[in-house]
Structures are given as structure tokens and as C-alpha cells.
Amino acid sequence: MRVLAVKRISRDTESSDALTAQGERLERGIRDGGHVAVGIVEDATVSGAINLDDRPSLGQWMRSPQWEQWDAIMVTTLDRITRNQFHWELFAERCHQGGKEIICLDDPGLDIHTSQGRLIAYVKASQAQQYRDVIVQKRRDQTQSFRDQDLWPGGLWPFGYRAMTVMVDGKRRKRLFLDPVTSKLIREAYDRIVNQAHTVTDVARDWNARGVMTAKDYQAHVNASEGRDEKMTEIKGFQWSHASLKIVLSKPALMGYATHKGEVRMRDGLPVQWSEPILSPAEFEKLQERMSVRSISPSNKPVPNPLREVLWCPCGQHMNSDSSESKTGKRYRYFRCRTFSTYKRCRYRVSWPVDIAHEFLTEEFMVQLGDKEMTTKEFIPGKDNRTEIKNLRTAIGNLAATLGQFEPGSIAHTQTVETMKRHEANLKTLEAEPVVEAAWKVSGTGETYGEWWSRETDWYARGDMLRKAGIRVYLGGSPKNPTVPIIHTFIPHDLEARAGDVISGMIEPGFLEQANEDARESALMMSRPLWDRFWDDREVS
């Protein structure tokens, strides 16, 4: 008899034992019965509730031409075919009408071609579905219990976090903690997209080039390195894409918030905190804003520009890095307004050779900071309850808005009022505590900025320093005579302190945007005619 052997499991935790054991029993059954194996189907981590036609491996054998290639289907137990009674009835009737057999190794007497045999099989299928229903409900109850205790219910970790064992009421449970590797990658992606003007696609390509694992592969790597044989340990080699990375960077879990079906879980009017945040709410909002305007890179993406948001055109657009090749094969690299590649070019259209721009920026940096000692900052935390006070006031407002939905005196109404009273009591306590401002301890590094500039020859690193320190340079040409170049440099009044912030990694949220705005106001001198008169007074070079 031509036999199709079928293996199936529902969970990853069975993969190391259950599939192997099923395979061994099926091989013995085929050999002892003198059958011919036409195929061995394996559906790993496929629920018994999934219709047979829709299963990744078995489904193709349920359709022509492979349907005609087997005479009997063989399983170790009936529930390996299905745990859904309705699906079983359809499949059994289809096999009966098609003259096919169902061989169940733990029930050799199973016969779907007699009324009594079909009745016995019906009862067994019913028991299998009842068992599945009980298991499903048990898992739902357990998951809800874990949510109530802010425990990790299992599954794929949010990228940036990892589940670690903790003891809760004498039982081993899981909680989410910052992962020492992937949490730093999230911070890197934030800094590159928000502060360095990279796109999500830029970061994804770089991570692929560096071999950065995706969330699923990284979790498998951790499981394998820690010897968790019962867990997912196979690294598939998945690659980052614009879509997959944007999904990771759009999850509220990056703020440490607990989520369910993509929505932030609330308790007493406040977000449930699952773990320490990787990004603050303000940083998360800024990241979403930047990603929304910097989507997939266009096909005509300009040459990578290490001085993006440092060099600007007087029209208000940033300067792109571009290049061209002469007939002799010589490559020319230059900066010019990004509108040059659009249908509506601005009127300030001088192209600046890269070497000249680099020379000017080096000279400007050395003049402003060259002999200054680089400093680092150590943060000395203070005590400031204003954020907690704001959150509590928001929570009280949210709860007050729901009171009208409940009948006065009902359990829901009473519990909501009691929660509001607790929040109000905490609010009074926090408001009574004085605000102690945080402070910074500034220390010298023993190296000047000039020494650092000479040592750090990579213009991406130099550009990052210039951008974060707030140095902005406007490059343009006179609208009346494009051969007349003009350079206008904006230097923040607190440049030395800002440069120290860059070294310490302490860039304030919103500073870069404000630096751009301040530079633009300075460059335009608040009036375009003033620009024109200023240019007209310049000597033609």
C-alpha cells in the first residue's frame, strides 16, 4: 500500500523529541506493514486546529495531483491529523468516498469504512477537540495571570529586551529586562535616524553588512548559547529590511510599556511598565516623526553625505553630496543644494568641491575649538517629581472621564473612585517634596579638540561632531552672479559646552532642530533683501 506518513507538533518545545519519536514509530509501522512510503510530511509548530488543506506541508497532499499518489495516511495518534471535530468529519468522509485508509498506530482497529468504525473515530475526535479546548483555555488563563503580574507570557522578545527567570510566589517565571546587546542597537538606530539624518533603509543595510541578527535569530542565538535545547535555537539567517526594522522601531515596548495586540496596556489610567525604557516618550515620539518623513530611500538617492544637516543652502534646504565623472574617467565630488535634482531648482546654485568645503570646516573648527580641552560630563541626579505629577494628573483625568459609564454604587464605580483617591494622595505627597535640580560634573580628558580632529580623519565622525555641536554652514552663490561664492557660518554661543555634550553623549532633545532654526535665522539675517545686498558688496572671486 502506498502510505503517506504524517508528523505534526503544535509547539517549538516539542521539536527536539516529539517529531523524532513520531518519525521512528512511523518508519517501523511502514516497515512492519510492508507498505511503500510515498512521502513523509512534517508540519512543525502547526496547531491541530488548522484545516488540513491549509497546512504548509500536508496541504499539498490534499490536492491533485498528489492526492492520487497515496492510498493511506499514517499517523502515530489520531490527534496528529486534527484536533478539530468538524475538520475530522470532512476528512474522514473524503477518505471514505475516495477509498483511502487512515492508519493510526495507537489504534490498529480504526476503520472509517464501517458505520461503527466511523462512530468510534467520531468519539475520539471529539475527545481530542475537548482536550485542545481545555489546553487553549488553560493557556489563556495563564497568559492573563502573567499580564496581571507584569510577567512575560512567552514568545518572541521585543527587540532590545530579553526574558529572564525570576521567582514569583515560589515559582520560576519570566520578566523582561534590557538586553545588553540589542538595547544598544536600538539607541544606535535612534541616534542615526534622529541626529545623523540616516534613513531606516540606511540602518537596515548597515546592520545586514555587519551581520546584526534580527529579533528571531538573536533570540535563537541566546537560547543556543545558554543551552536551552527545548527552545527555538536554529538561526535562520534572516535579513533586515526597511519594513522589518521600522516595525521594531515603531513598537511602544521601546519605552518599556507592556502591550497586547499592539496596544499599550493601561492600569489605573497609566501605561503598564514592563521594563526599563530604552527610549523616553519624547525620544520615541521624535523617532516616529523622523521615520514618517524619511521613508524608503528613493532610487536616485544622492551620494552618502557625512555633512548632512551641517551644510545648508540659503534657500533653506540641506546640501547633498554628489559626484560626476569626466570623459577621461576623473571623478569629481561636490556639494550642492538638494533642489538640484528636482524640477524646481533654487536660485543659489553654486556647486562646492568637497575638498574646499572640508578645508574650510577644518579651519573653522580649529579656530573655534582647536586649542580647547575636550571635556566629559558626569550626571549627578537630582529629585524632580514633575513627570510623575503630570502622569498622575493625567491618570486622574482619564479615570474621571470613565466614571459616567458606571452606575453610582456599582463595583466598577467604587473601584474607580478608590483608585482616584489613591492617586490624589500620592499627588499631594509628590507635590509637597521640593525639586532638587540635577547637576553635571565636568572633567577634562587631557586631549584638545584639535588633537581629536587630527586623529579622527573619518568625515562621518567629524560630521557627527559638527552636527551635534550645532555648527552650521550656509554655502551659496549670488542669484545675480552665481560665480560669486558666499559662506556664512553659524556658531552657537555655547559651542564649547555643546562640544563637551557631544563627547559625553548628552545631546538635549530638540537642540539639533533649534540649532538649524537659529542658523537659518542668522544666515537670512531675518530679511532676504539683506542677503542680496550683502552678496552684492562682495568682491568677485
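User: What is the handedness of the crossing where H10 passes H11?

Analyst: This is a predicted model. In it, the crossing of H10 with H11 is left-handed.

User: Which angle and which axis distance describe the packing of helix H10 and helix H11?

Analyst: In general, a pair of packed helices is described by two values, the angle between the axes and the distance between them. Here helix H10 (residues 386–403) packs on helix H11 (residues 411–432) at an angle of about 160°, and the axes are 10 Å apart. Angles over 145 degrees count as roughly antiparallel, and H10 and H11 are therefore roughly antiparallel to each other.

User: Which residues of H10 and H11 meet?

Analyst: From H10 the contact includes Ile389, Leu392, Ile396, Leu399 and Leu403, and from H11 it includes Val417, Met420, Leu427 and Leu430. Glu388 and Arg393 in H10 also take part, as do Glu424 and Glu431 in H11. The residues of this contact of H10 with H11 divide into eleven nonpolar, six polar and four charged.

User: How are H9 and H13 oriented to each other?

Analyst: The reading again starts from angle and distance. Helix H9 (residues 354–369) and helix H13 (residues 459–469) pack at about 50°, with their axes 12 Å apart. H9 and H13 are therefore oblique to each other. Their crossing is left-handed.

User: Which residues in H9 and H13 meet?

Analyst: His358, Leu361, Thr362 and Phe365 are the H9 residues, and they meet Trp459, Arg462, Met465 and Leu466 in H13. By class, the residues of the contact of H9 with H13 are five nonpolar, two polar and one charged.

User: Turning to salt bridges, how many salt bridges does the count come to?

Analyst: A pair qualifies when a side-chain nitrogen of Lys or Arg is within 4 Å of a carboxyl oxygen of Asp or Glu. By this rule the count comes to 15 salt bridges.

User: Where in the chain do aspartate 71 and arginine 2 lie?

Analyst: These two side chains meet in a salt bridge, with an N to O distance of 2.8 Å. The pair links distant parts of the chain, 69 residues apart: aspartate 71 is in the loop between strand S2 (36–43) and strand S3 (72–75), and arginine 2 is in strand S1 (residues 2–8). Aspartate 71 is partly exposed at 28% relative accessible area, and arginine 2 is partly exposed at 34%.

User: Which elements hold arginine 210 and glutamate 188?

Analyst: The side chains of arginine 210 and glutamate 188 form a salt bridge, 2.8 Å from N to O. Arginine 210 lies in helix H5 (residues 200–210) and glutamate 188 in helix H4 (residues 182–195), so the bridge ties together parts 22 residues apart in sequence. Arginine 210 has a relative accessibility of 45% and counts as partly exposed; glutamate 188, at 22%, is also partly exposed.

User: Is arginine 336 buried or exposed, and what is its partner?

Analyst: Arginine 336 counts as buried, at 14% relative accessibility, because the cut-off for buried is under 20%. Its salt-bridge partner is aspartate 322, with the closest N and O atoms 3.0 Å apart. Aspartate 322 is in strand S12 (residues 319–325) and arginine 336 in strand S13 (residues 331–337), so this pair ties together parts 14 residues apart in sequence. Aspartate 322 is partly exposed, with 24% relative accessible area.

User: Which residues do salt bridges that share partners join into one network?

Analyst: Glu188, Arg192, Asp206 and Arg210 are joined in this way.

Note on methods: Residues numbered from 1 in each chain as written. Predicted model: local features only at pLDDT ≥ 70, side-chain atom pairs only at ≥ 80, totals over all residues. Heavy atoms only, no water. Axes fitted to C-alpha atoms, helices over the stretch in contact; angles between N-to-C directions. Helix = DSSP H or I, 4+ residues; strand = E, 2+ residues; numbered from the N terminus. Parallel < 35°, antiparallel > 145°, perpendicular 65-115°, else oblique. Left-handed = near helix turned anticlockwise from the far one by under 90°. Contact = heavy atoms within 4.5 Å. Nonpolar A, V, L, I, M, F, W, Y, C, P; charged D, E, K, R; others polar. Buried < 20%, exposed > 50% of the residue type's maximum accessible area, 1.4 Å probe, protein only.
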